[in-house]
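Here are my notes on the model, as numbered points. Have the coordinates open while you go through them.

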Amino acid sequence: MKQTENHSRFIEEMKERSGQDPACCLQCAKCSAACPVSAVMDLLPHQVIRYLQLGFTDEACKSKTPWVCASCFTCAARCPRDLDLARMMEGIRLVALRRREGNRLNPGELTPEQLKQLPQQALVSGFRKYTK
Amino acid sequence: MSLAQNRPKTEAATAGMEAAAQDRAWEPLIVAFCCNWCSYAGGDLAGTSRMQYPSNIKVIRVPCSSRMNPLFILRAFQRGADGVLVAGCHPGDCHYSTGNYLVRRRLSAFKRLIEFAGLEPERFEVRWISSSEGDKFSEVMREMTAAIKALGPNGKLRDGRWRKIT
Amino acid sequence: MAENNVDYSAKIRGVVAQDLLSGRIDLLLGWEKGHYWWQSRPLFARDQADLERLAWDSFCAVNLSRYLVDELKENKKVGVLLKGCDARALNRLVQDNMVPRERVIAYGLPCPGMLNYAALLEAAAGRKPDGIAEENGQVTVRGGGVELTVPRDRVLLDKCRHCLYPNPVHCDQLLLTPVGERQAPERFSAVQERESLSSDARFAYWEKQLERCLRCYACRQACPYCSCRECFVEQEQPRWLSKASQPSENFMFHLIRAYHGAGRCIDCGECQRACPVGIPLQELNRKLIKDINELYGHYEAGLDPGQEPPLLTYRPDDPAAFSEK
Amino acid sequence: MPRVGVFICWCGTNIAGTVDIETVVETARNFPGVVHTADYRYLCSEIGQDLIKEAIKNEKLEQVVVGTCSPRMHESTFRKAVAEAGLNPFLLEVANLREHCSWVHQDKTEATAKAIALLRAAAAKAVLNAPLIAPRLDVEKRALVIGGGIAGIQAALDIAEAGYPVDVVEREPSIGGRMAQLEKTFPTLDCAACILTPKMVEAAQHPQINLLTYSEVEEVKGFVGQFDVKIRQKARAIDATKCTGCGVCYEKCPTKTESEFEMGLAKRKAIYVPFPQAVPNVPVIDRDNCLYFRKGRCRICEKECPPQAVYFEQQDQILERRYGAIVVATGFDQLNPVEYGEYAYGQHPDVLTSLEFERFFNAAGPTGGKVVRLSDGKPPRNVVFIQCVGSRDKARGMNYCSKICCMFTAKQAILLKEKVPEARSYVFYIDVRTAGKGYEEFQRRAAEQYGVAYLRGQVGKVFPDGDRLTVKGVDSLSGKTIEIQADMVVLAAASVARGDAAQVGRVIGINSDQYHFFNEAHPKLKPVETHTAGIFIAGACQAPKDIPDSVAQASAAAVKAVGLLAKEKLQGEACTARVDQSGCSGCLYCEAVCPYGAISAVQIEEHFRGEKLTRIVAEVNAALCQGCGSCTVACRSGSINLQGYTNAQILAEVDAICL
C-alpha cells in the first residue's frame with residue numbers, strides 16, 4: 001500500500017471535493033456492472049476506487065476511466081453503500097487537473113469543423129470537465 | 001484544576017461575554033439528564049464504541065425522563081450550567097411505556113416558558129436517544145457543546161452569590 | 001350597578017339568609033365593605049347580624065372560592081357567592097380534590113366586571129374621589145365637588161378586561177340575571193408582543209419586573225391553583241430555593257409558580273391583582289395557556305372538572321417544542 | 001454527616017490510562033463526609049470487592065461510592081459486596097468513570113476534571129442515600145411464548161419439560177413458522193419437515209403446553225412474575241372439539257385465493273389448513289374470501305362436514321391470563337425486492353426470491369416438487385443467484401448482513417443440481433460468509449462438487465429478453481464484465497423484521513433497534529434478556545438467524561424463564577415512590593400519570609383544632625410501582641418522592657456537578 005504524504009493528500013483533496021470516502025466501498029462492483037460506458041474504460045469503476053483505497057493515486061489518474069465517465073449517476077443510484085461514484089470521478093478529475101496544472105483539452109486543438117459540428121452544450125460540458 | 005474554576009460566575013449575560021473574551025480558557029458546563037434505560041445506555045454504548053465527545057457534558061442518571069422536574073433544570077442554570085439537556089427514550093419506546101409522552105408535553109411547555117423569560121432556545125434541549133444510538137448520543141453532545149460555545153457563558157438565571165466551595 | 005347595588009345586596013341577602021338561618025349552610029362566604037369605599041373584603045357570615053353587612057358592588061374582586069379550603073375544615077356546609085371567575089376557581093379546587101363539591105352551596109352572581117381604584121384615580125384627574133355612581137355602562141366619579149363620567153370599560157380591573165366567562169359556568173342557584181356577552185380584547189396580545197422581542201430583551205424585561213418581587217407570596221395566596229398544603233418555596237428538605245429575594249431565586253419562583261399552573265390556570269388574574277408591586281404575573285400564566293393550546297389543542301381550565309388537564313395526558317402523535325430527529 | 005468511603009477503579013488502563021487516579025483520589029478525600037478513599041486495579045475482582053468490604057468494617061463506613069464502569073454494568077456486583085459487609089445494598093452510589101468519561105475523552109486533564117465532577121455528584125447523592133428494602137413479589141408459575149415457529153416451539157418444549165405450563169400464541173392457523181416453509185436445511189440437507197413435524201406434534205401433545213393458534217396478543221400489563229396478558233383467539237368458524245381434520249370441507253370449498261404459505265405461488269381454498277402437516281390440523285375460514293361471509297350464501301363446507309364442526313357464528317374470544325415470564329419469538333420476514341427495479345422482480349415470472357424458490361423443491365409445493373420456470377413450465381438451464389439484495393445496503397435496504405443467505409443459496413444451488421442435473425448455477429456475491437459448524441465445507445462442496453460458479457461481484461441489471469433473462473454483472477476479481485443468458489434469477493432478499501414488529505414490541509413492552517429487531521439487554525452478556533425483566537427473546541425476531549442459532553437461543557431463553565418461574569418469590573423494585581401524607585393535598589395528579597396503576601386514593605384521619613377530620617391522600621402500592629418517578633413531577637408540593645432518586649438527591653447531584 002502506498003502511504004506517502006503526496007498520495008494521502010490527493011485522497012484527502014478528492015474526498016473534500018467529492019464528499020465521498022473511498023474507504024466506504026465494499027468492492028461489490030455493482031457500479032461496474034451497472035455502468036453503461038464500462039466497455040470503453042481501461043479500469044472498471046470499482047477498480048479505480050480500489051486503487052484509491054490502496055493509495056495508487058497515479059494509476060487511478062492515469063486511467064482513462066475518470067475521463068470517460070459520463071456522469072450518468074447509474075452507479076450512484078445502485079451503490080449499496082450510498083457512495084456517489086460519479087462525484088468521485090469528478091473529484092479525481094478536479095484534483096488531477098489542479099495537480100498537473102494543465103488542461104486535458106486545449107481549445108486551440110479543436111479543428112474548426114469540430115467546433116462547428118459539436119453542439120454548444122457539449123463544448124461547454126467538455127471544457128467544464130477537461131479544463132480547470 | 002477543575003474546569004469549573006475557570007468559569008465566570010457573573011450576574012448578567014453581557015458581563016459573562018466580556019469575561020469570556022478575556023478568559024480564553026472558558027469552557028461551557030452542560031448538564032445532561034439521561035434516562036437510565038435508553039439515553040444513559042446510549043451514552044454507555046458511545047463509551048464502549050469510543051465515540052469521542054467534549055468533556056463539557058456531565059451526565060446525571062434519572063430512571064426515566066419523566067422524573068425530570070423542571071426545578072432541576074432551573075437549579076442547574078442557577079448553579080452555573082451554561083446548557084441543560086434532557087434525553088430520554090424515543091416516544092413509544094419508554095421503558096415505563098408512557099413516561100416520555102408526558103415529558104414531551106411537560107418539557108415542551110417548560111422550554112417555551114423559559115425562552116419567554118429570556119433564555120436562549122439552544123440552552124435547554126430535549127432529545128430522544130435510544131440505547132442503540134451511541135453515535136447519536138455523541139453527536140448530540142458535540143452539537144450541543146458547539147451551540148453553547150457559540151452562545152458564550154450563561155448569565156441569565158444564574159445566582160451571582162454562588163461560588164465554588166472547595 | 002352601583003346605583004342599584006343596595007337592591008341587589010338586599011336580594012342576595014334575602015336568599016342566603018333563608019339558607020343560613022334554616023341551617024342548610026353553616027357559613028356564608030360573601031363580601032362586606034372594607035375601610036375605604038373602594039374596598040370590599042371577604043365576609044364570613046354565620047348569623048343575621050353578619051348578613052346585614054353583606055355587600056355586592058363593583059369592588060368585590062376578591063375570589064371567595066379559595067377560602068372554602070380552610071372553612072370546610074370547620075364547617076359542614078358552606079355557601080359561597082361566585083362571580084364568573086370564582087365559579088371556575090371552584091371547579092379548579094373541586095378537580096384538585098381540595099373542595100368536596102357536595103358540601104358547598106354555590107350562589108352564582110353574573111359579573112359586569114370589577115373596578116380598578118387606580119384607574120378611577122386617574123379618571124378623577126388629580127382630585128381625590130370620594131364615591132362613584134354607575135349607569136348604562138358609564139361610571140361617574142365624584143370628588144372635590146366635581147363629577148367626571150368615563151366609560152366603565154376604561155376603569156375595569158385588568159383581569160376583568162379580558163374576562164371570557166362573566167357568568168358563572170355552574171352554580172346551585174343563580175341569584176341575578178345573566179349579563180350579556182362582552183367584547184373581550186385578545187388576551188394573548190401582551191404575550192405576543194413579548195414573544196416578538198429578542199431573548200436578551202425579554203430577559204431584560206423580566207429582570208426588571210422580577211427584581212421588585214418581595215417574595216410576599218400574595219400571588220400564591222390569592223391563586224385557586226396554588227392549593228398545596230405546603231408550597232415548594234417553604235420546604236426545607238429539600239430546599240428548592242432560599243428565602244432571599246435575589247434575582248435568580250425570583251426567576252425560579254415565578255417560573256415554577258407559573259409552571260405549576262400549566263394546564264390548570266383558569267386565567268382569573270388574581271395573582272396579578274394581589275401583587276403589591278405590580279408584576280405582570282398573568283403574562284407568564286397566559287404564555288403557558290397559549291402554548292399548551294397551540295401544541296395540544298384548546299383547553300380552558302375550570303370549565304369542566306371532568307376534563308383531564310392537558311399535562312396529565314398525551315397523544316402518541318403530539319408535537320414537541322424541540323427537535324425530535 | 002454519614003461516614004463515606006470512596007473507591008476508584010483503574011479498570012486496568014481503561015480508566016487509569018485517561019484519568020489521573022491519584023489526583024481524583026486526592027480530591028475525593030475532601031468531599032463532604034468522606035473518611036476513607038482507596039483505588040485498585042480491578043475493583044470488580046474478588047480482591048477489589050474485599051477491599052471495599054474490609055473498609056466498611058474497619059472504617060465503619062455508612063455510605064459507599066465507587067468510581068468504576070457504568071452502573072448498568074457492575075452496580076449489582078458492588079451492591080452485593082456492600083450487602084455482604086453488612087450495609088444495606090442501596091447505600092452504594094456509582095460514578096461512571098469509564099463509559100461516560102475515560103472512554104470518550106482523550107485529554108487527560110479534561111477527563112480527570114470530569115471524573116472528579118462525576119464522583120463529587122455521586123458522593124453528594126450518596127450522603128442522602130437511605131436504606132431500601134425491595135418488596136417480595138409472587139411469581140405466577142406459567143409462561144407465555146409468543147410465536148410458534150421453531151424458536152417458539154423449542155422454548156415451549158424446554159419450559160414444559162422443566163415442569164411449568166406454557167401457552168404458545170401463534171398468529172397463523174398452524175404452528176411451524178418459517179421452517180415449515182423450507183424443503184431442506186443446511187448444512188446437512190435434512191428434510192425440514194422430517195425434523196420439524198415431530199417437534200410440532202410433541203408440542204401439541206405435551207400435557208404442559210397449550211397451543212393458541214390463530215391468536216394474537218392484544219395487551220400486556222403488569223411486570224416480571226405477574227404479567228397480565230390479553231390474548232385474542234380469532235374465530236376459526238370451526239368447532240375444534242368436533243373437527244376430525246378429514247379435509248372434506250376444503251376439498252369441497254368453491255372459493256380459491258392465494259396461499260400465504262406458498263408465497264402466493266399457489267392457491268388455497270377459503271376454508272383451509274395452511275399446509276398438510278399443520279398442527280393443529282383444524283381448518284380456518286378466511287372471512288375475507290369465504291362466499292358465505294362475503295355474500296351470505298354457499299355454506300357448502302357446513303353441509304359436507306361429517307362431524308358438523310363448521311360453526312359460522314363463532315366469535316373472537318378474549319383470553320385473560322397471568323404469566324410469570326414471556327418468551328418472544330415472533331420471527332422475521334423476507335424483504336420484498338420490488339424496490340430493486342434493476343432485478344426485474346415483479347416484472348418477469350422467473351425472477352424469484354429465495355423463499356419463493358424454496359417452495360419449488362417441495363413435493364407439496366406449487367410445482368409439485370419440480371423445478372421449472374413459471375413462464376413456460378420448462379426446467380431451467382442457467383440459474384443466477386444474486387446475493388445481498390437489500391443486505392449490506394445502506395442506500396436502499398438494510399445496513400446489516402442477513403447472515404443466512406450465503407448458506408441457503410449454496411443449499412438451493414445444490415438442490416437444483418440434484419433436481420435438474422443439466423442446470424448450471426451462477427452466484428453473484430460480495431463476500432461468502434460461512435461461519436458455522438460444517439458451513440464452509442458445505443459451501444465448498446457446492447462450488448467444487450456441484451460446479452456452482454461463484455462470481456465475486458454484483459449484477460447491474462437483469463433484462464427480460466424474450467423468454468429468457470439477460471443478466472449483466474461483473475466479476476470484480478478478473479475485472480471482466482459478465483453477461484449470462486439466464487432462465488431463472490433468484491434473489492437472496494434481506495431478512496428483515498416483521499412488518500409490525502415495532503407495534504408488537506410496543507404492545508409487549510420491549511424496545512427494538514433501528515431495523516425493528518428486538519433489542520437484547522446486552523449484546524454479549526444478556527443475549528436473550530430484554531430491558532424488561534421477565535421478557536426474553538429468541539430466534540430471528542432479535543436479528544437474522546439460522547435454525548441452529550434460533551434453537552440454541554430458544555433454549556437459552558427457556559432456561560431464563562424457568563429460572564424465574566422456579567423462584568418462590570421475586571425481588572421487586574426497591575426504588576419506589578413514597579407519599580408524605582402530611583404534605584399530600586390529595587389532588588391525585590400522581591395517580592393520573594402512573595403507568596402501572598400503582599397509586600390510589602386512601603382516606604386518612606387527622607386532628608384539626610381538637611376535631612377529627614378525614615381527608616383523601618395518595619398511597620403507593622410498592623409491589624406495583626416500577627420507579628419511573630413520573631408522579632414526583634406531577635406533584636407540585638413534592639409530597640410524593642422517588643426513593644433512591646429523591647428530589648433532594650438529584651438537587652444535590654446538580655449542585656455538586658456545577659461546582
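1. Let's start with helix α4 (residues 70-78) of chain B: 9 of its 9 residues are buried, so the helix is largely enclosed by the rest of the structure. Buried here means under 20% relative accessible area, exposed means over 50%, and partly exposed is in between (1.4 Å probe, protein chains only). Helices (H or I, at least four residues) and strands (E, at least two) are DSSP runs, numbered from the N terminus. Among the buried residues of α4(B) are F72(B), R75(B) and Q78(B). Just after α4(B), G80(B) takes a positive phi of about 120°.

2. Some housekeeping. This is a predicted model, where local features need pLDDT of at least 70, side-chain atom pairs count only at pLDDT 80 or more, and totals for chains, interfaces and linings use all residues. Residues are numbered from 1 along each chain as its sequence is written, chains are lettered from A and ligands numbered from 1 in the order in which they are written, and side-chain values use heavy atoms, with hydrogens and water left out.

3. Which chains share the most contacts? Of the 4 pairs of chains in contact, that is chains B and D, a contact being heavy atoms within 4.5 Å. Chain D puts in 51 residues and chain B 59 residues. Together they bury about 4,700 Å², with 57% of it on carbon and sulfur atoms; buried area is the accessible area (1.4 Å probe) that two parts lose on being put together, summed over both. On the chain D side, R72(D), H100(D) and L659(D) supply 14% of the area buried against chain B, more than any other three residues.

4. Chain B also meets chain C, with 48 residues from chain C and 41 residues from chain B. That pair buries about 4,000 Å², 64% of it on carbon and sulfur atoms. In chain C, the residues that lose the most area to chain B are Y259(C), Y314(C) and F322(C), together 17% of what that side buries. Chain A has no contact with chain B, and their closest C-alpha atoms lie 17 Å apart. Chain A has no contact with chain C either, with 21 Å between their closest C-alpha atoms.

5. Now chain D as a whole. It has 18 helices and 34 strands, and its C-alpha atoms fill a box of roughly 90 × 70 × 40 Å along the principal axes. Of its 659 residues, 60% count as buried. Among the chain D contacts with a separation of 6 or more, 69% come from residues 24 or more positions apart.

6. R232(D) is worth a click. It lies in strand β12 (residues 226-233) of chain D and counts as partly exposed because its relative accessibility is 27%. Its side chain makes a polar contact of 2.6 Å with that of E218(D). A polar contact is a pair of N or O atoms within 3.5 Å; within protein, one must be able to donate a hydrogen and the other to accept it, and residues adjacent in sequence count only if both atoms are side-chain atoms. R232(D) and I318(D) are 86 residues apart in sequence, yet 4.6 Å apart in space, C-alpha to C-alpha.

7. Is N88(D) buried or exposed? N88(D) counts as buried, because its relative accessibility is 17%. This residue sits in the loop between α3 (71-84) and β4 (92-96) of chain D. The side chain of N88(D) reaches the backbone oxygen of L132(D) at 2.9 Å. Leaving out residues up to four places away in sequence, N88(D) touches V82(D), P131(D), L132(D) and I133(D).

8. Finally, some backbone geometry to look at. Most residues other than glycine have a negative phi, and most peptide bonds are trans. A cis peptide bond joins F186(D) and P187(D), with omega about 0°, and the bond from V279(D) to P280(D) is cis with omega near 0°. N97(C) is not a glycine but has a positive phi of about 60°; it is partly exposed, with a relative accessible area of 37%. R609(D) has phi near 50° and sits in the loop between β32 (599-608) and β33 (611-620) of chain D. At 64% relative accessibility, R609(D) counts as exposed.
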